[in-house]
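Work through the exercises below with the model open beside you. Try each task before reading its solution.

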Amino acid sequence: MAELTQDDLGDDRSLLLVDDDEPFLKRLAKAMEKRGFEVETAESVAAGTAIAKARPPAYAVVDLRLEDGNGLDVVEVLRERRPDSRIVVLTGYGAIATAVAAVKIGATDYLSKPADATDITNALLSRGDDLPPPPENPMSADRVRWEHIQRVYELCDRNVSETARRLNMHRRTLQRILAKRSPK
């Protein structure tokens, strides 16, 4: 993406980042500051909601799943307080149902992790039907499958039998998949 100017961001360059992954949050905050945003961060739904109520930003990037709840709660507060806010929902657990829910609540876009600062900036600044370009390094189908299996495994408290049942696969097959390294 070409270098941003203040005109691209508008007069209000405030950006709220809400994510419970602290290293990711710090890297993203630094990258967005370099792009001209005035960044404020939060690591929980409670902190994100408090900032959204006190100082509703022009832009927001909100993780869907946070330690203390659902990031969509922050999106709802942002929409109530500042209807013109541009909001991108990020998640490592991409699913059509959650994408639809995020957009219905008022998110501008929905991106799956790993998304870099350029992808996020493109999504925040896209207007109308102007879709951002597809990612240059999308996850492979094998990686998406592996990520989904890992998510279900974690949601089942690392119980192989329960995970296999929910994924409708044989337990031994699941054990072999879990024993391998993640695909690239």
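Helices (H or I, at least four residues) and strands (E, at least two) are DSSP runs, numbered from the N terminus. On that count, Asn168 sits in the loop between helix 8 and helix 9. The model is a predicted one.

**Exercise 1. The chain as a whole**

Task: State how many helices and strands there are in the chain, and what share of the residues is buried.

Solution. Begin with the elements: the chain has nine helices and seven strands. Next, burial: of the 184 residues, 42% are buried. Last, contacts. Take those between residues at least 6 apart in sequence; 60% of them join residues at least 24 apart.

**Exercise 2. Asp63**

Solution. Step two is accessibility. Step three is the surroundings. Step four is the record: an unreviewed UniProt entry annotates Asp63 as "modified residue: 4-aspartylphosphate".

**Exercise 3. An aromatic pair**

Task: Search the whole structure for aromatic pairs and report how many there are.

Solution. The search gives one aromatic pair. Its partners are Phe37 and Tyr59, with ring centres 5.2 Å apart and planes at 85 degrees. Planes over 60 degrees apart count as edge-to-face, and this pair is edge-to-face. Now locate the partners. Phe37 lies in the loop between helix 2 (22–34) and strand 2 (38–42), while Tyr59 lies in strand 3. They are 22 residues apart, and the pair links distant parts of the chain. Both Phe37 and Tyr59 are buried.

**Exercise 4. Helix 7 against helix 9**

Task: Describe how the axes of helix 7 and helix 9 are arranged, and sort the residues of their contact by type.

Solution. Two numbers are needed: packed helices are described by the angle between their axes and the distance between the axes. For helix 7 (residues 141–155) and helix 9 (residues 171–179), the axes come within 11 Å and cross at roughly 110 degrees. Angles of 65 to 115 degrees count as roughly perpendicular, so helix 7 and helix 9 are roughly perpendicular to each other. Helix 7 contributes Arg145, Trp146, Ile149, Gln150 and Tyr153 to the contact, and helix 9 contributes Leu174, Ile177 and Leu178. By type, the contact residues are six nonpolar, one polar and one charged.

**Exercise 5. Helix 6 and Thr118**

Task: Find which residues of helix 6 are buried, then classify Thr118.

Solution. Helix 6 is mostly covered, with seven of its nine residues buried. They are Ala117, Ile120, Thr121, Asn122, Ala123, Leu124 and Leu125. Thr118 also lies in helix 6, residues 117–125. Its relative accessible area is 26%, so Thr118 is partly exposed. Finally, check a distance: Thr118 and Arg35 are 83 residues apart in sequence, yet their C-alpha atoms are 9.3 Å apart in space.

**Exercise 6. Positive phi**

Task: Where do Arg158 and Asn168 lie, and what phi values do Arg158 and Asn168 have?

Solution. Arg158 is in the loop between helix 7 and helix 8 (160–167). Its phi is positive, about 60 degrees, although Arg158 is not a glycine. Asn168 is in the loop between helix 8 and helix 9. Its phi is near 55 degrees, again positive in a residue other than glycine. Asn168 counts as exposed, at 73% relative accessibility.

How values were computed:
Residues are numbered from 1 along each chain as its sequence is written. This is a predicted model: local features need pLDDT of at least 70, side-chain atom pairs count only at pLDDT 80 or more; totals for chains, interfaces and linings use all residues. Side-chain values use heavy atoms; hydrogens and water are left out. Axes are lines fitted to C-alpha atoms, for helices over the stretch in contact, and angles run from 0 to 180 degrees between N-to-C directions. Angles under 35 degrees count as roughly parallel, over 145 as roughly antiparallel, 65 to 115 as roughly perpendicular and the rest as oblique. Contact means heavy atoms within 4.5 Å. Ala, Val, Leu, Ile, Met, Phe, Trp, Tyr, Cys and Pro count as nonpolar, Asp, Glu, Lys and Arg as charged, and the others, Gly among them, as polar. UniProt positions are given in the numbering used here, feature names are shortened, and annotations may be inferred rather than shown by experiment. Buried means under 20% relative accessible area, exposed over 50%, partly exposed in between (1.4 Å probe, protein chains only). Rings of Phe, Tyr and Trp (its six-membered ring) pair if their centres lie within 6.5 Å; planes under 30 degrees apart count as stacked, over 60 as edge-to-face and the rest as tilted.
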